[in-house]
Amino acid sequence: MSTITTTADPVASTDAAARLQRRLLPLYASVMLQNVALWVPVEKLFMNEIGFDPASVGVMAAAYALVAPLLEIPSGIMADRWSRRGVLVIGGVSLIASVTIGAVSTNVVTYIVAAMFLGVFFAMQSGTLDAVVYDTVVEETGSSDGFERRIGRVHMFESVALVSSALIGGWIAAVTFPRLTYFLTVPFLALSVVALGMFREPRLHKAEAPQSLRSHVNTTYRTILQGGCLVPIITLMVLTSLLLSMLFEFGALWLVALAAPAILYGPHFAGLTSALGIGGLLGGRVRLTNPPTLGLIVGLMALSSLTLTTSHSAVVVTGAQVLLAILIVTISIFLTAQLHDAIPSNIRSGVASGVGTFTWIAFLPLSLIFGYVSKQAGVYTAGWMITGIVVVMGFLLVRLVLDLRSRVAGGGEPTACPALATS
């Protein structure tokens, strides 16, 4: 794995862990403030008020899905060459612009513009946040072993903020009006940028002699596009991101189809966002390389996805979506660690951002198709698309874990892609 030799001194290890915790605190604070999203649980209701239908929801999702892949890899390369914290700040400012434009939107076109700024935020954050956490862990402790728990903690803070704001946002919309939730979100986003400015970013990606821009770009794209052991990891990461995006973007359409009251939208979104925290806590603790555990997770994913094609209970549907999201996040943390262990720091953000590019390229047509099928045949028919992705993902995950177990049994390194590992 891509690690540095660690000390055997338990006192030194404890000190390193304490330093790491202190260093990551501003980042945790920024993540938590950035995920105060009072508007998100009632977004579909607000969109309906200004003229959206299921098909135009798909168009809106496709709009930011078009912007994001154009910026993903360039933003990752910029983060590797310039400043990862700086790229995250640009993303935070873009999110402020998105929510502000959304707050003043009165029609579909204006809201789509807001969605495009949201795409900029996603592009700037994708890959870069993971790379920052990974390199900070290595820089402070000398090893990547604590990465899964630390990135899981990031997801936990995301979840706490999203769950709280989902419940509060749903209540605010119920007693006032949905538009107010957008305006109330902006101050928290501004504070998140301030907190990010207090974070000291790692410098591991600056350790090697600087490459020319052309050489750096070529190395990044060559690493992303080459065949070999990265292919199953990247493919699975794309599928997990795709599933999670679909649940968050289209999950509320089941409540719309069931004519659920507005007060249920908050708990529904709170359940989905709590999955980020629960999955984050499970990540690094659940041993996916254990066959019974892997079989249980794959089976539960299949059961959850099938429930979305059959159940007409808002409570059951919400439970199935939450369970599926928890399992997806748990798997994604395992895959993220495998990817970062395999690539050097100087191209880490760029390669990780490439995964986001592939995700958006796939999400763009899928969102349009899902919106169209939902409008023409209903969301339950469209739900079979989610089931299909789950089946493919389960098959590929089992193959990846079996290959990994075979490699370890043969005396190889405990990583899915040792050929690219650096020391």
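**Contacts and cavities in a predicted model**

Biologist: How many salt bridges does the count come to?
Modeller: The count comes to 10 salt bridges. Keep in mind that this is a predicted model.

Biologist: Which residue does Glu 139 meet in a salt bridge?
Modeller: Arg 23, with 2.7 Å from N to O between the two side chains. Glu 139 sits in helix 6 (residues 128-141) and Arg 23 in helix 1, so the pair links distant parts of the chain, 116 residues apart.

Biologist: Change of topic. How many aromatic pairs?
Modeller: The count comes to 11 aromatic pairs. One of them is formed by Phe 52 and Tyr 111.

Biologist: What is the geometry of the Phe 52 and Tyr 111 pair?
Modeller: Edge-to-face, at 5.7 Å centre to centre and with 80° between the planes.

Biologist: And which parts does that pair tie together?
Modeller: Phe 52 is in the loop between helix 2 (43-49) and helix 3 (54-81), while Tyr 111 is in helix 5, so the pair ties together parts 59 residues apart in sequence.

Biologist: Now the inside. How many cavities of 30 Å³ or more?
Modeller: Two cavities of 30 Å³ or more. The second largest cavity holds about 80 Å³ of space.

Biologist: Which helices supply at least two residues each to the lining of the second largest cavity?
Modeller: Helix 1 (10-34), helix 4 (84-104) and helix 5 (108-125). Helix 1 gives the largest share of that lining, four residues.

Biologist: What residues line the second largest cavity?
Modeller: Among them are Leu 27, Ser 30, Val 31, Gln 34, Phe 121, Met 124 and Leu 196. By class, the lining has eight nonpolar, four polar and no charged residues.

Biologist: Back to the surface. Which residues form the nonpolar patch?
Modeller: Tyr 221, Leu 225, Phe 358 and Ile 361, with about 380 Å² of accessible area together.

Biologist: Which helices supply at least two residues each to the patch?
Modeller: Helix 9 (213-225) and helix 15 (348-377). Ile 361, for one, is found in helix 15.

Note on methods
Residues are numbered from 1 along each chain as its sequence is written. This is a predicted model: local features need pLDDT of at least 70, side-chain atom pairs count only at pLDDT 80 or more; totals for chains, interfaces and linings use all residues. Side-chain values use heavy atoms; hydrogens and water are left out. On a 1 Å grid over the protein atoms alone, a cavity is a set of points where a 1.4 Å probe fits but cannot get out, and a pocket is an open set with protein on both sides within 12 Å along at least five of seven lines; lining residues have an atom within 4 Å of a point. Grid points are joined across faces, edges and corners, and a volume is the space filled by probe spheres set on the points. Ala, Val, Leu, Ile, Met, Phe, Trp, Tyr, Cys and Pro count as nonpolar, Asp, Glu, Lys and Arg as charged, and the others, Gly among them, as polar. Patches are made of residues with over 30% relative accessible area and no salt bridge: like charges are joined within 9 Å, nonpolar side chains (Val, Leu, Ile, Met, Phe, Trp, Tyr) within 5 Å. Accessible areas come from the Shrake-Rupley method with a 1.4 Å probe; for residues, only the protein chains shown count as cover. A salt bridge is a side-chain nitrogen of Lys or Arg within 4 Å of a carboxyl oxygen of Asp or Glu. Rings of Phe, Tyr and Trp (its six-membered ring) pair if their centres lie within 6.5 Å; planes under 30 degrees apart count as stacked, over 60 as edge-to-face and the rest as tilted.
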